[in-house]
Amino acid sequence: MSWGYTAKPEAFMEKRSSLYGKVFKTHVFGRATIVSTDAEVSKSVLQNDGRIFVPYYPKSLTMLMGDPSILLINGAPHRKLHALLSSFFKSPSLKAQVARDMEHHLHLSMPSWSQRCSPLRIQDQAKSMAFEILVRALMSVGSGKDMNFLRHEFREFIAGLMSLPFNLPGTRLRKSLQAKKRIMKLVRQIIEEKRKKRKQGLNPMDDVIDVLINDSQQDAQEEGNEIEMKDDLSMANTVIDMMIPGEDSVPVLITLALKFLTDNPTALQQMREENLKLKRLKAQAGEKLCWTDYMSLSFTQNVITETLRIGNIINAVMRKALKDVEIKGYLIPKGWCVLTSFRAVHLDEENFSNPYQFNPWRWKDKEAGGFTFTPFGGGYRLCPGIELSRLEAAVFLHHFVTSFSWVAEEDSIVNFPTVRMKCGLPLTLTPLPSYPSFPSQ
Ligand code: HEM
């Protein structure tokens with residue numbers, strides 16, 4: 001853990017890899033653990049479904065996750081839920097909504113940013129926007145009382161994810177569990193209202209709750225069962241647990257991209273030119289930007305890819321072996337944990353030349369895939385939010401780099417327990433001649 005707080009946490013891995021090879025034994029959170037910094041071994045671990053490896057999280061986290069939770073379930077129920085969510089998150093209608101939502105939030109916020117005398121903490125702004133967009137995609141709650149309630153309670157809930165696992169009055173974990181109960185109550189009310197509307201013949205597919213209700217109704221019909229209360233409970237749990245990986249990662253991606261661009265003026269200039277060109281073309285054609293336009297900005301996408309590689313928003317994932325298993329000559333004994341370090345692979349010179357250099361050009365004409373590049377994990381648990389995350393970041397970055405130039409205050413990246421900018425990346429902004437970004441709104 002002490003390595004985690006340094007600027008180079010992978011030095012923990014490098015030291016041991018140099019002594020024992022790319023796969024070695026150690027203790028993480030007090031558990032006997034095998035660490036893999038080898039892309040091939042990590043690939044095999046990630047590609048194995050719940051028969052050999054199951055997800056492993058610190059105890060406080062599992063106590064806060066629901067039962068069942070997408071992050072913990074295995075086998076056929078997991079595959080079904082993962083497929084449902086992935087196809088919803090990939091749908092063009094959701095992407096169009098997410099792009100519009102992000103534009104809307106920027107449209108409301110940017111005028112006040114351009115007039116500020118004090119620096120703007122970009123991480124806080126991105127966080128607030130990404131939270132609202134996520135909640136809308138999950139349960140169609142818009143800005144207002146319920147959104148503020150969810151924001152407050154969710155903050156209280158996640159504060160306990162990495163706490164001591166004691167559920168006693170006054171402990172951090174107990175406070176987080178209580179916050180989760182309050183969120184559950186609201187989410188269950190939303191589910192009930194949606195069910196009532198369905199009885200009146202309305203069957204929208206606007207958000208994750210709609211997708212889950214639809215699925216539970218189909219199951220019930222096929223099996224000739226009544227919808228049970230436990231269906232709504234597990235649905236509420238699924239929705240809340242999806243907020244855990246979804247909430248913080250996109251704003252950190254946006255903030256890190258701006259940090260790396262600040263440090264690399266040539267990359268910033270190329271990205272600004274690419275985005276200004278698109279903006280001019282659209283203005284000449286009298287058209288608004290749509291989600292496919294943002295995704296077609298190749299250099300911007302390369303900046304996002306390189307930010308994911310070097311930023312390592314999710315450093316690693318852990319699995320527990322259910323039986324003895326041998327991978328590439330290494331024995332992983334039953335009951336042991338495996339930590340697949342994405343960070344070590346992304347920063348390994350064997351996989352990327354000058355790995356510590358932010359170099360978006362390395363991705364020119366190159367697929368951002370394979371098992372040496374796994375910011376979104378891989379195999380059965382590959383993040384369903386991949387495309388949405390890239391889209392949100394691209395929309396934010398488009399409007400930001402074409403509207404402002406900036407000077408950044410001194411700040412540094414923190415890598416533990418989660419990746420973020422220590423001071424939220426304070427920027428002093430100057431509007432560019434191309435500002436405002438939303439002439440047509
Ligand atoms: C930059 C942004 C993001 C990064 C880097 C990221 C990374 C990851 C990684 C590494 C995993 C794999 C975990 C494992 O193997 O145990 C994962 C899973 C997951 N992510 Fe993301 N994520 C991002 C954004 C999102 C968003 C926006 C959502 C939207 C709701 C989301 C929802 C999920 C879910 C539900 C899972 C669990 C999938 C499963 O276990 O089947 N993520 N994410």
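**The ligand and its surroundings**

Me: How many residues surround the ligand?
Reply: This is a predicted model, in which local features need pLDDT of at least 70 and side-chain atom pairs count only at pLDDT 80 or more, while totals for chains, interfaces and linings use all residues. Residues are numbered from 1 along each chain as its sequence is written. A residue is near a molecule if its C-beta atom, placed from the backbone, lies within 6 Å of it. The closest to the ligand are Gly246, Ser249, Gly377, Cys383 and Gly385, and the residues that surround the ligand number 23.

Me: Which element gives the most to the shell around the ligand?
Reply: Helices (H or I, at least four residues) and strands (E, at least two) are DSSP runs, numbered from the N terminus. The elements that give two or more residues to this shell are α10 and α15 (386-403). With six residues, the element that gives the most is α10.

**The nonpolar core**

Me: Which residues touch the most other members of the largest nonpolar core?
Reply: A nonpolar core is a set of buried Ala, Val, Leu, Ile, Met, Phe, Trp, Tyr and Cys residues joined through C-beta atoms within 7 Å. A residue is buried if 20 or more other C-beta atoms lie within 10 Å of its own, exposed if 12 or fewer, and partly exposed in between, with C-beta atoms placed from the backbone. Among the 101 residues of the largest core, those that touch the most other members are Val239 and Ala257.

Me: At what angle do the axes of α13 and α15 cross?
Reply: Axes are lines fitted to C-alpha atoms, for helices over the stretch in contact, and angles run from 0 to 180 degrees between N-to-C directions. The axes of α13 (residues 298-311) and α15 come within 10 Å, and they cross at roughly 115°.

Me: Is Lys328 buried or exposed?
Reply: Lys328 lies in the loop between β6 (325-327) and β7 (330-332). Its phi is near 50°, a positive value in a residue other than glycine. Because 12 other C-beta atoms lie within 10 Å, Lys328 is exposed.

Me: Which peptide bond is cis?
Reply: Pro417 lies in the loop between β10 (413-414) and β11 (420-421). With omega near -5°, the cis peptide bond is that from Phe416 to Pro417.
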